[in-house]
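Subject: Handover of a structure and notes on its contents

Dear colleague,

I am handing over the structure below for your study. Please look through it first, and then read the notes that follow.

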Amino acid sequence: MVDGDVHLDVAVPQLTDSSVLNQRLTSIADRLVSSFRSTVRREGGASSGRYHAMTVGWQLIGRSDRAIGIQLWVAQQHGLRVSIDRSVVWYDSLTQRMLDLPELFLPQAWPAVQEAVARALGEHGHEKAPVLAALSARGSPETQRVAFGFSSDGDLVLSLPAGTLADDRPLSVRLADAPLRSRLSAAGLSAKSAAAHPPAIVAAREPDCAKLKCVALTFDDGPGAFTAELVAILAQREVPATFFAVGNRIAQSPDLLASVHGAGMEIGNHSWDHRELTLVGAADMKRDLNRTSKAIADVTGQRPTLLRPPYGAQNKTVDSVSKQLDLAEILWNVDTLDWLYADAKRVENAAVTSTGRGSIILMHDIHRTTVAAVPGIVANLREQGFTLVTVSQLLGERPVPGQVYRQRAVTGVQSAQRGANRG
Ligand code: ZN
């Protein structure tokens, strides 16, 4: 639904055999929509010139005879303020009740589990009290902020949302299966068996792009107004992608970049202010790229290993500075021209028709039409048998700093292809 400057897109599932769960999901959606609308009223809608958007998406993360797990994504933007919240609801079809985190465990075992989580986070220097508070928080599922699920290996994965701790990032904790096993309740065992495939809150096992038909979606120039919505769309479909972020935009909305990173996306360097690097001297270029890498590391905890030079403009100086800064240069071999044609169908066609195994597809998350094209692109590429991965996953081994990549080279012609790119 588009209503002036208010954009609302809410989807929750309705299962045929679980009316209690359906009612709960519907009431969550109703409450989210009414809280969204009241924020719009309070802050001024279209007439104020402010953009408001909310996207709610969902994904089934597990299903057994007894337990059903559903993850909800809520991406919101009010003016410049952007947030992505993730929550998980688990339903016990035997008792016809929603499952809270503590109910996964035998009552006498729950304190020890809380201690184990606090200890795991304590190893990273996080305080204990707010962790324990977050774990015992009960209430409506949309306010029960700790998302939980099981990996395919049976490990329990908890995700504490941004803001739980002084550290403002979402935090994940993984507790190994073996010590947990004897502590699970019957409902917990059922939820665990329901997680037949890894939930999205767990990083999936690294895909082997030497064997699979892999392709990487890349999004440049953000983070921007449509980034949160895009990330919700990708996360709901379990599509990891690579975002080449511009330093000055990170400085404007570090929380937004944190959400992109928190959703499992890869972050690369796209320079501080999008200057054409071939027109910049080496010293200046080094300062610019280093500052951008540092801004990314400040938010994500990791310095990027990938650079996309603005406009794809690259020469020997760019190679040499990239090498010094440990950045591989990532260009593309499929250009959607999404900045030129504000037409979602056209962008979708461009992305899916010339893509082959190992392709890197260029898009920009600062265009609404690009975001609108993404669901179709994902569906189409998957139909063609492609596995969607990040650039680092696509390239497999750590890409070489100072080296230019336009795609995953087919074995045997890799060195020749690289040579050609350098010309
Ligand atoms: Zn760009």
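A residue is called buried if its relative accessible area is under 20%, exposed if over 50%, and partly exposed in between (1.4 Å probe, protein chains only). Please note that this is a predicted model, in which local features need pLDDT of at least 70 and side-chain atom pairs count only at pLDDT 80 or more, while totals for chains, interfaces and linings use all residues. Residues are numbered from 1 along each chain as its sequence is written, and side-chain values use heavy atoms, with hydrogens and water left out.

The disulfide

A disulfide is a covalent bond between the sulfur atoms of two cysteines. For the search, it is a pair of cysteine sulfur atoms within 2.5 Å. One disulfide was found in the whole structure. Its partners are Cys 209 and Cys 214, with 2.2 Å between their sulfur atoms. The link of Cys 209 and Cys 214 is left-handed, with -85° about the S-S bond. Both Cys 209 and Cys 214 are buried.

The zinc site

Donors are N, O and S atoms within 2.8 Å of the metal (3.2 Å for Na, K and Ca); water is not among the atoms, so sites may look incomplete. Asp 221 (OD), His 270 (NE2) and His 274 (NE2) coordinate the zinc ion at 2.1 Å. Along the chain, these donors have the spacing D-x48-H-x3-H. Asp 221 lies in the loop between strand S10 (214-220) and helix H6 (227-236), and His 274 in the loop between strand S12 (266-269) and helix H9 (282-300), so this pair ties together parts that are 53 residues apart in sequence. Helices (H or I, at least four residues) and strands (E, at least two) are DSSP runs, numbered from the N terminus. Asp 221 counts as buried, at 11% relative accessibility.

The loop between S10 and H6 also holds Pro 223. A cis peptide bond, with omega about 0°, joins Gly 222 and Pro 223. Most residues other than glycine have a negative phi, and most peptide bonds are trans.

Salt bridges

A salt bridge is a side-chain nitrogen of Lys or Arg within 4 Å of a carboxyl oxygen of Asp or Glu. The search of the whole structure gave 14 salt bridges. One of them joins the side chains of Asp 284 and Arg 275 (3.4 Å, N to O). Asp 284 is partly exposed, at 30% relative accessible area, and Arg 275 is partly exposed, at 31%. Asp 284 and Arg 275 belong to a network of salt bridges that also links Asp 273, Arg 287 and Asp 288.

Another salt bridge joins Lys 294 and Asp 298 (3.3 Å, N to O). Lys 294 and Asp 298 are four residues apart in helix H9, which means that about one helical turn separates them. Lys 294 is partly exposed, with a relative accessible area of 48%.

Helix H9 also contains Thr 300, which counts as buried at 7% relative accessibility. The side chain of Thr 300 reaches the backbone oxygen of Gln 302 at 3.0 Å. This is a polar contact, that is, a pair of N or O atoms within 3.5 Å; within protein, one must be able to donate a hydrogen and the other to accept it, and residues adjacent in sequence count only if both atoms are side-chain atoms.

Aromatic rings

Rings of Phe, Tyr and Trp (its six-membered ring) pair if their centres lie within 6.5 Å; planes under 30 degrees apart count as stacked, over 60 as edge-to-face and the rest as tilted. By this rule there are three aromatic pairs. Trp 90 and Phe 148 have ring centres 6.4 Å apart and planes at 20°, so the pair is stacked. The pair links distant parts of the chain, with Trp 90 in strand S5 (residues 81-92) and Phe 148 in strand S7 (residues 147-150), 58 residues apart. Both Trp 90 and Phe 148 are buried.

Two backbone angles

Tyr 311 has a positive phi, near 65°, although it is a residue other than glycine. Tyr 311 lies in the loop between strand S13 (306-307) and helix H10 (316-324), and counts as exposed at 55% relative accessibility. For Asp 326, phi is near 65°, again a positive value in a residue other than glycine. Asp 326 is found in the loop between H10 and strand S14 (328-330).

Yours sincerely,
A colleague
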